[in-house]
Amino acid sequence: MESVNELGSIPLKSRVFIYGTGAAGKSLFAWLLKCRRDIHIKGFIDSSYNGSFRGKTIYSLEKFTQHFSSSHYDLILIASGFNKEIAEKLDSLDIHAYQIISVPTYLMENLFPSSVAEKLCLFSIRFKSIFFKRRIHLFF
């Protein structure tokens, strides 16, 4: 298991899957699209969700192992609060081409809110932070 502190250390022109569709996974996706255009994001893997996100398919781990072999990707980027459990699952399936990515808070704060209510809530929190002279963190 390898832990990466610097997002820029992901190898050039990697074909990757992002494991996790929560805030960290979505933030990593946005960052890769903006700052690492050389990386080909093939899709997402998630333990709880199926479907798609911004044009990329979300696979369950079971479907992923059925459809893809190690020749189809270079790396799985784990961006989840459950990174240790996910790494153990991957190891048990003899999948070792992964890195645990620690997504910095500043990236997650720039996540695109999807609804008007979320935008208003985010604005309200940022506005109140000015008066308290510290950052307020809110988890959904």
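This is a predicted model: local features need pLDDT of at least 70, side-chain atom pairs count only at pLDDT 80 or more; totals for chains, interfaces and linings use all residues.
1. Residues are numbered from 1 along each chain as its sequence is written, and side-chain values use heavy atoms, leaving out hydrogens and water.

2. What does Asp38 meet in a salt bridge? The partner is the side chain of Arg36, at 3.0 Å from N to O. A salt bridge is a side-chain nitrogen of Lys or Arg within 4 Å of a carboxyl oxygen of Asp or Glu. Arg36 counts as buried, because its relative accessibility is 8%.

3. The whole structure has two salt bridges. Another pair to look at is Arg15 with Asp74, whose closest N and O atoms are 3.1 Å apart. Arg15 lies in strand E2 and Asp74 in the loop between H2 and strand E6 (75-78), so the pair ties together parts that are 59 residues apart in sequence. Helices (H or I, at least four residues) and strands (E, at least two) are DSSP runs, numbered from the N terminus. Arg15 is partly exposed at 28% relative accessible area, and Asp74 is partly exposed at 35%.

4. You will find Ser14 in the loop between strand E1 (3-4) and strand E2 (15-19). Ser14 is buried, because its relative accessible area is 4%. Leaving aside neighbours within four places in sequence, Ser14 is in contact (heavy atoms within 4.5 Å) with Asp38, Ile39, His40 and Asp74. A polar atom of the Ser14 side chain also lies 2.7 Å from the backbone oxygen of Pro11.

5. Finally, the aromatic rings. A search of the whole structure finds 10 aromatic pairs. One of them, Phe17 with Phe64, is edge-to-face, at 4.9 Å centre to centre and 75 degrees between the planes. This pair links distant parts of the chain, with Phe17 in strand E2 and Phe64 in helix H2 (residues 61-67), 47 residues apart. Rings of Phe, Tyr and Trp (its six-membered ring) pair if their centres lie within 6.5 Å; planes under 30 degrees apart count as stacked, over 60 as edge-to-face and the rest as tilted.

Definitions and conventions:
Buried means under 20% relative accessible area, exposed over 50%, partly exposed in between (1.4 Å probe, protein chains only). A polar contact is a pair of N or O atoms within 3.5 Å; within protein, one must be able to donate a hydrogen and the other to accept it, and residues adjacent in sequence count only if both atoms are side-chain atoms.
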